[in-house]
Amino acid sequence: MPLHPGRAGRPQPASRPDLPGPAPRRAPEPGPGDPLPDLLGANRARILRCVAATTGCTTSELARRTGTSLSSASAHAQVLHRAGLIASTRHANMVIHQLTHLGAGLLTGRTPS
């Protein structure tokens, strides 16, 4: 991934052309009475909502946006992938996670067609 100078002269990753548009910095917070954290657990629900809020994000982005460690974000993403709620695709040295129809159905309460 090409680097360009960032704040204070530190290299920052350049934008990735394979992922259009900026992604939100933090995962969306659940509303009151949201049953998803009860079903999946708070961190896993936050990971799923973070993936849903983007067109695709890396494991590092998931960790940063959800406030979890990289290893925790990776483990949660693996479980969500095995459950069919997200699709995970390797691109060079990173894994891009995207919401599946099943995952979208779970978030919206609708049966995927």
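Mentor: Let us begin with how elements are named: helices, of at least four residues, and strands, of at least two, are DSSP runs numbered from the N terminus. Please also keep in mind that this is a predicted model.

Trainee: OK, so which helix has His76 in it?
Mentor: His76 is found in helix α4, and leaving out residues up to four places away in sequence, His76 touches Asn43, Arg44 and Ile47.

Trainee: And is His76 buried or exposed?
Mentor: His76 counts as buried, because its relative accessibility is 14% and the cut-off for buried is under 20%.

Trainee: Switching to strands, what does β5 pair with?
Mentor: Strand β5, residues 94–99, pairs with strand β3, residues 57–58, in the antiparallel sense over two bridges. Strand β4, residues 86–91, also runs antiparallel to β5, and six bridges join them.

Trainee: Which residues stand opposite His97?
Mentor: Cys57 stands opposite His97 in β5, and Ser88 stands opposite His97 as well.

Trainee: How many residues sit between β4 and β5?
Mentor: There are two residues between β4 and β5, which form a hairpin, and Ala92 in the turn has a positive phi of about 55 degrees.

Trainee: What about α3, how many of its residues are buried?
Mentor: Helix α3, residues 59–66, is mostly covered, with six of its eight residues buried. Those buried residues are Thr59, Glu61, Leu62, Ala63, Arg65 and Thr66, and they pack against α2 (42–52), β3, α4 (70–82) and β5. After α3 comes Gly67, whose phi is positive, near 75 degrees.

Trainee: I see charged names in that list. How many salt bridges are there?
Mentor: A search of the whole structure finds one salt bridge. In that salt bridge Arg65 is joined with Glu61, and the closest N and O atoms are 4.0 Å apart. Both Arg65 and Glu61 are buried.

Trainee: Why are Arg65 and Glu61 about one helical turn apart?
Mentor: Arg65 and Glu61 are separated by about one helical turn because they are four residues apart in helix α3. An α-helix has 3.6 residues a turn, so residues three or four places apart point the same way.

Trainee: New topic: what is in the largest nonpolar core?
Mentor: The largest nonpolar core has 15 residues, and those with the most contacts inside it are Leu48, Leu62, Leu80 and Ile86. The elements giving two or more residues to this core are α1 (36–40), α2, α3 and α4, with the largest share, five residues, coming from α2.

Trainee: Which residues is Leu48 in contact with?
Mentor: If we leave aside its neighbours within four places in sequence, Leu48 is in contact with Leu36, Leu40, Leu80, Leu85, Ile86, Leu99, Leu106 and Leu107.

Definitions and conventions: Residues are numbered from 1 along each chain as its sequence is written. This is a predicted model: local features need pLDDT of at least 70, side-chain atom pairs count only at pLDDT 80 or more; totals for chains, interfaces and linings use all residues. Side-chain values use heavy atoms; hydrogens and water are left out. Two strands pair if DSSP finds at least two bridges between them. Buried means under 20% relative accessible area, exposed over 50%, partly exposed in between (1.4 Å probe, protein chains only). Contact means heavy atoms within 4.5 Å. A nonpolar core is a set of buried Ala, Val, Leu, Ile, Met, Phe, Trp, Tyr and Cys residues joined through side-chain atoms within 4.5 Å. A salt bridge is a side-chain nitrogen of Lys or Arg within 4 Å of a carboxyl oxygen of Asp or Glu.
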